[in-house]
Amino acid sequence: MTRAHRSAALWRRLIGVPSRGFRIALLLVALMLVPPGVSFAEAMTYPGQASVSVRAVEWVREHGGGGLVDRAENWWYTRNGPPSVGRPLDQLGPALAQPPARHHHRVDNLPALPHHSGSKWLVASTDAAGHALLYTALLHPDPRHIPVVAAAALIPQSRTVLHLNAGTREPVVGGQPSSRSMVPTSDRPYLIAAFNAGFKMKDSGGGWYSDGRQVLPLGEGFASLVIHRDGHATVQEWHRADLGPDVVAVRQNLHLVVSGGALAAGLGSSGSHLWGTSKNQFQFTWRSGVGTDATGHLIYVAGRDLTLHSLALAMTEAGITTGMELDMHPQMVSFTSFGTPTRAANAGTRLLRSIPTPASRYLVPDQRDFFYLTTKAAP
C-alpha cells in the first residue's frame, strides 16, 4: 500500500466510515447519554416560572452534584463580601418610599427602629379608608459593612389574611397543577403583597401542611410559619400539640433564628447544623426571613450581601421577637407590594430595587411555594 493509500485509509477511519467496533462503542455512549439528556430537557421545560440558571443548578443538585454546587457557592459567596464603607447598596422600591398619607390612620405600637439606622416606618399600602395595610423600612444591620442594607415589610394583621400556596415542584413535584401555582385571579382585586417561602423541602428538614393534609410530615421543634383560620399568622417552634382545628397551613423551615427577641445561640458558628449546611450561614448573599413582634405584627425582612447573623440582626432591628429564615440566594428572594388593592392588580413594586426576581413573579405559575397577602374583604 502506498503512502497515499495509507493516508486515505487513516482519514476514512477518522472521518469516513468507522469500524464496526467503533460504531458499537459510539452507540453505547449515545445510549448512556439519553437518560440524563431527557432528564435535563424535562428540567428545563417543566411547568412553572424559574430561570434557566436556576433550573440547571437544581438539575445538577438532583443528580448527585449537590456537594459540588455547595462548595462552589461557599467559595464564591464567602470570598465576595460587600465593601466596608461607601454608599448604601440598595434602596426601597420607588413606590414604597413614600411618607404617610394625610388621611392615614396609623397603626398603634409599631416597633421602634434603631436610632443609628436613621429610618422610619413608611406606609406602602392602604385600604380605601386610609388604614395602613403594609409598612416598609430600611435597616443597616451590619456595622462591619456599612453599605449593607435590609428592608422590612410590616403587616398589621387585623385587616389582612395570609395564604400559603404550592408551586409546581414544591412542596412535592407535580403536587399542584400549573394553573393553580400562582395567586388566584379571584384574590387579585384584594392583593396586598406576595413573597417567597423557605428552602426546598428536601433541604429544609421540615414539613408542609394545608387544609387538613400533611403533604410532608410536620417535624417537632422546627421553625414554622403557621396560618390560623382567621387569616393571621404566627411564627413559632412547632410541637405536635399545636396542630388543632384553628390551624389551616404550616410551612416549616430549619430552626428559629430569633427567639424571645434575642439571636439564637450558634448563629456565628458552624457546628450546630440547625440552619442548613455548616458553611452556608457565612455566605454574603441574598437572604430573607419572617417573624412576629411583641404585638403580633407579621414582619418580613430581606436584603443582599447578608450572612445569617446579619439577617437575624436585621430581623431584631425591625422588632421581630420570634423569627425564622426563609429562602436565600438570588432568584430565591422575592417580595412584591401591590399598593392599594384594586380590581386590576396586575403589577407591583419590589421591596428592594435590586431584588433579582420580577415583580410579577407570583402572578404567573411558579415552581416554588410562596405566601400572598390579601385584605379581609377578600371572599
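Are Phe 195 and Phe 335 buried or exposed? Select the two residues: Phe 195 is buried, and Phe 335 is buried as well. Here buried denotes under 20% relative accessible area, exposed over 50%, and partly exposed the range in between, with a 1.4 Å probe and protein chains only.

The model on display is predicted: local features need pLDDT of at least 70, side-chain atom pairs count only at pLDDT 80 or more, and totals for chains, interfaces and linings use all residues. Residues are numbered from 1 along each chain as its sequence is written, and side-chain values use heavy atoms, with hydrogens and water left out.

**The whole chain**

Among contacts (heavy atoms within 4.5 Å) between residues at least 6 apart in sequence, 67% join residues at least 24 apart. The accessible surface, from the Shrake-Rupley method with a 1.4 Å probe, is about 17,600 Å², and carbon and sulfur atoms account for 59% of that surface.

**The aromatic cluster**

Next, select Phe 195, Tyr 300, Phe 335 and Phe 371, which ring pairs link into a cluster. Rings of Phe, Tyr and Trp (its six-membered ring) pair if their centres lie within 6.5 Å; planes under 30 degrees apart count as stacked, over 60 as edge-to-face and the rest as tilted. This rule gives 6 aromatic pairs.

Keep Phe 195 and Tyr 300 in view: their pair is tilted, at 5.1 Å centre to centre with 55° between the planes. Phe 195 belongs to strand E5 (residues 191-196) and Tyr 300 to strand E14 (residues 298-306), so the pair ties together parts 105 residues apart in sequence. Both of these residues, Phe 195 and Tyr 300, are buried.

Phe 195 and Phe 335 are stacked, at 5.7 Å centre to centre and 15° between the planes. This pair links strand E5 with strand E16 (residues 335-337), 140 residues apart.

**The open sheet**

Finally, select the open sheet of 8 strands, whose order is E1-E2-E3-E14-E13-E15-E11-E12 with antiparallel pairing. Two strands pair if DSSP finds at least two bridges between them. Strands E1 (122-126) and E12 (262-263) stand at the edges with a single partner strand each, so one side of each lacks a neighbour in the sheet. Opposite Leu 122 stands Thr 136 in E2.

Methods
Helix = DSSP H or I, 4+ residues; strand = E, 2+ residues; numbered from the N terminus.
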